[in-house]
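Subject: Structure handover and findings

Hello,

Here is the structure you asked to take over. Please open it beside this email and follow along, and my notes come after it.

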Amino acid sequence: MSIMNDVTVTCPSCEAQITVTAVESVNADRRPDLRDEIIAGTFQVQQCGDCEAEFLLDPQFNYLDMGRGQWFSIQPLSLLGDWLALEDEAIATFDLAYGEQASPQAREIGDSLSPRLVFGWAALREKLLIGEAGLDDATVELTKLAMIRGLPGAPLRAGTEMRLLNVSPETGDMAFEWQDNLTGETVETLIAPRSLYDSILEAPDAWAQMRAVLEDRVFCDVQKLYIGEGRAAG
Ligand SMILES: [Zn+2]
């Protein structure tokens with residue numbers, strides 16, 4: 001089932017206190033329309049009753065798609081710095097619902113799910129596109145790394161995101177967009193040929209160390225290489 005709750009938020013335009021319906025949990029097997037809305041970027045768009053401005057609610061919910069073997073804990077991008085603690089939280093939530101602490105029936109479902117922690121709408125949309133194209137998410141992240149390595153001065157750093165825009169149904173080529181998180185502006189758009197993704201799968205030894213970093217626990221995203229350990233020193 002998909003769960004929605006009324007919450008009070010501050011309108012980012014006029015700062016009025018308004019009540020909106022926030023999603024707490026999405027079941028994409030039962031509500032494929034919600035999955036479509038996330039991909040289209042229309043999910044959880046709210047309109048302020050006072051000034052009529054439209055804005056996107058920060059995501060904070062769980063997502064299940066048994067058909068594609070996907071389970072996500074989604075957090076707002078603003079909490080990216082807390083990724084280590086939020087990994088603990090996501091793993092605990094998953095264990096309770098589908099893992100070690102769940103019923104045998106639920107564990108059976110859990111066996112076919114890959115739990116992931118994602119930050120923000122663009123990262124979630126990317127994971128949905130990966131699931132739709134039948135790709136492996138860690139290999140897509142390695143594809144990003146392979147592209148970055150070939151580009152001196154690539155703008156990937158803390159505060160920017162490289163996100164999958166689409167996968168060509170004909171060629172399997174992947175279009176990526178670099179975004180500045182602060183301004184939301186596109187820094188650059190790049191195409192990765194499908195052969196690059198395939199070459200990573202064909203050379204497992206060369207990528208083993210980096211893959212292990214990405215597949216450690218549930219935050220599978222090259223961002224973790226750029227934002228540090230997630231815990232401030234001292
Ligand atoms: Zn407003």
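A residue is called buried when its relative accessible area is under 20%, exposed when over 50%, and partly exposed in between, using a 1.4 Å probe and protein chains only. The model is predicted, so local features need pLDDT of at least 70, side-chain atom pairs count only at pLDDT 80 or more, and totals for chains, interfaces and linings use all residues. Residues are numbered from 1 along each chain as its sequence is written, and side-chain values use heavy atoms, with hydrogens and water left out.

The domain

The UniProt record, an unreviewed entry, places the feature "domain: CpXC" at residues 9–144. UniProt positions are in the numbering used here, feature names are shortened, and annotations may be inferred rather than shown by experiment. The span 9–144 is 38% helix and 26% strand, and its end C-alpha atoms lie 35 Å apart. Helices (H or I, at least four residues) and strands (E, at least two) are DSSP runs, numbered from the N terminus.

The zinc site

Which residues coordinate the zinc ion? The SG atoms of Cys11, Cys14, Cys48 and Cys51 do, at 2.3 to 2.4 Å. Donors are N, O and S atoms within 2.8 Å of the metal (3.2 Å for Na, K and Ca); water is not among the atoms, so sites may look incomplete. Along the chain the donors of the zinc ion follow the spacing C-x2-C-x33-C-x2-C. The angles among the 4 donor atoms run from 108 to 112 degrees, and the site is tetrahedral. Four donors count as tetrahedral if all angles lie between 85 and 135 degrees. For reference, the ideal angle for four tetrahedral donors is 109.5 degrees.

Cys11 sits in the loop between strand S1 (3–10) and strand S2 (17–27), and Cys51 in the loop between strand S3 (45–47) and strand S4 (54–56), so this pair ties together parts that are 40 residues apart in sequence. Cys11 is buried at 1% relative accessibility, while Cys51 is partly exposed at 33%.

Salt bridges

Side chains of opposite charge can pair when their charged atoms come close. A salt bridge here is a side-chain nitrogen of Lys or Arg within 4 Å of a carboxyl oxygen of Asp or Glu. How many salt bridges does a search of the whole structure find? It finds 17.

One of them joins Glu132 and Arg35, at 2.9 Å from N to O. Glu132 is in helix H4 (residues 121–132) and Arg35 in helix H1 (residues 32–40), so the pair ties together parts that are 97 residues apart in sequence. Glu132 is partly exposed, with a relative accessible area of 48%, whereas Arg35 is buried at 5%.

Glu87 and Arg217 form another, at 3.1 Å from N to O. This pair links distant parts of the chain, with Glu87 in helix H2 (residues 83–97) and Arg217 in the segment after H7, 130 residues apart. Glu87 is buried, with a relative accessible area of 1%, and Arg217 is partly exposed at 33%.

Asp137 lies in helix H5 (residues 137–149) and Lys127 in helix H4, so the bridge ties together parts that are 10 residues apart in sequence. Both Asp137 and Lys127 are buried. Elsewhere, salt bridges that share partners join Glu126, Glu141, Lys144, Glu161, Arg163 and Asp221 into one network.

Buried charges without a salt bridge

For charge, Lys and Arg count as positive and Asp and Glu as negative; His and the chain ends are not counted. Lys224, in the segment after helix H7 (204–215), is buried yet has no salt bridge. The nearest side chain of opposite charge to Lys224 is Glu87, 4.7 Å away. A polar atom of the Lys224 side chain does lie 2.9 Å from the backbone oxygen of Phe219.

Glu177, in strand S9 (residues 174–180), is also buried without a salt bridge, and its nearest side chain of opposite charge, Arg125, is 7.3 Å away. The Glu177 side chain makes a polar contact with the side chain of Thr186 at 2.9 Å. A polar contact is a pair of N or O atoms within 3.5 Å; within protein, one must be able to donate a hydrogen and the other to accept it, and residues adjacent in sequence count only if both atoms are side-chain atoms.

Regards

Terms used. Four donors count as tetrahedral if all angles lie between 85 and 135 degrees; four count as square planar and six as octahedral if opposite donors are over 155 degrees apart and all others between 65 and 115; anything else is irregular.
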